[in-house]
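Visitor: I should like to be guided through some features of a protein model. May we begin by placing it on view?

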Amino acid sequence: MNNKILILGGGIAGLTTAVALHRKNIDFTVYEAVPEIKAIGSGISLAGNAMKVLEQLQVAEQVKARGHMITSMIIQDEKGNYISALDTQKFTQKYGMYNVAIHRGALHEVLLGEIPPGRIQTGKKAISFSEKENSVVLQFDDGTKGEGAAVIVADGIHSAIRKQLLPNSTPRYAGYTCWRGIVENTWGIEDQAVETWGTTGRIGYVPIGNNQVYWFACKNAPYQDERMKRLSREALKKNFERFTHPVPQIIEQTPVENIIWNDIVDLKPISRFAFNRIVLIGDAAHATTPNLGQGACLGIEDATVMADVLEQQSDIVKAFQAFEQARLKRAHFIVNTSHQLGRVAQVQHPVLAKMRNAVFRLLPDAMNERQLKQVLNITS
């Protein structure tokens, strides 16, 4: 009998799952749509919950070496006045949790380095599946097929397999568009993740190691707006020119080829992840807006839960059901909370923005810490 697990997708969730299965000697093959997995993309923040998993998988030290430790998270207005500030070192001291910001490509390289040669097949975009009594067959767009005991679907928010399982599950536009970039750190930005909320949009930046800064800028706009798509770096800088230093300078000094644009979308929470011998994880299951910094973190959490249930339960169908039971409520909480926070953060009416900032400043530190504990899944 074929006991191999097929992992569909070589992104963060898929690769982390591959590492987790490898650690438990569970047979697998990863199928990735692109011809070659390259170190591309922008930056990413890995919160304490994700770093805990990476510690268990024995890759945390590599990630820390390639990234940058973040000890505080600050939200400010466009003049630089604090709206909210959180010292994450308290969580390090109390719970052993810490945050690392890293280039996505560097994280991919770390994970790929832990997967044995020959376990990843590239250029394999799945377009459909069929089920047999004890196996699942994937059909790829190059005419080939792959068969295994089960399929872990980790091929992102636009997953063709999820669409076959849940035809009505389509990406949901959040109402704002986003530019992301990486630039040399010439401002001495150290250990802080800073987000600035203003009436023309919001922008955040964080050091990611290798003397680089990752930044993102969000602006309310219609879906797939051609003006936003064509917006020049100079026009983007002008949009944020009234923001406190070094926001305009960060945009100005970023090479144009290092700037990526896309609309912000998520997946409206779906009612199930497990479908017999097929299970959805990562963005294929619970794509979220980036407002809580938990998109990749949730996928990394999925990986270790998946490996655990497959080790503990020999019946794959029951294992996938156990995964769903363990993950559904938490995933829904993160997606919904992040979606709501994004709507609050993207308020651009001057009066409403002032009111929002005033309310946030009144929130006690204890409340902020309690909310962060829930996001990080700290139960003690």
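This is a predicted model: local features need pLDDT of at least 70, side-chain atom pairs count only at pLDDT 80 or more; totals for chains, interfaces and linings use all residues.

Guide: Residues are numbered from 1 along each chain as its sequence is written, and side-chain values use heavy atoms, with hydrogens and water left out.

Visitor: Which helix supplies the largest share of the lining of the second largest pocket?

Guide: A pocket is an open set of points on a 1 Å grid over the protein atoms alone, where a 1.4 Å probe fits, with protein on both sides within 12 Å along at least five of seven lines; its lining residues have an atom within 4 Å of a point. The second largest pocket is lined by 16 residues, with N49, V53, E301, L376 and N377 nearest its centre. Helices are DSSP runs (H or I, at least four residues), numbered from the N terminus, and α2 (48-56), α11 (295-312) and α12 (316-345) each give at least two residues to this lining. The largest share, four residues, is that of α2.

Visitor: What distance separates the end C-alpha atoms of α11?

Guide: The expected span of a helix is 1.5 Å times one less than its number of residues. For the 18 residues of α11 this predicts 26 Å, and the distance in the model agrees, at 26 Å.

Visitor: Is H286 buried or exposed?

Guide: H286 is found in helix α10 (residues 282-286). Its side chain makes a polar contact of 2.6 Å with that of D302; such a contact is a pair of N or O atoms within 3.5 Å, and within protein one must be able to donate a hydrogen and the other to accept it, residues adjacent in sequence counting only if both atoms are side-chain atoms. Buried means under 20% relative accessible area, exposed over 50% and partly exposed in between (1.4 Å probe, protein chains only). At a relative accessible area of 4%, H286 is buried.

Visitor: How many residues of α11 are buried?

Guide: Helix α11 is mostly covered. Of its 18 residues, the number buried is 13.

Visitor: How far apart in space are V110 and V63, C-alpha to C-alpha?

Guide: V110, in helix α5 (residues 104-112), is in contact (heavy atoms within 4.5 Å) with V59, Q62, V63 and R66, leaving aside its neighbours within four places in sequence. V110 and V63 are 47 residues apart in sequence, yet their C-alpha separation is 6.9 Å.
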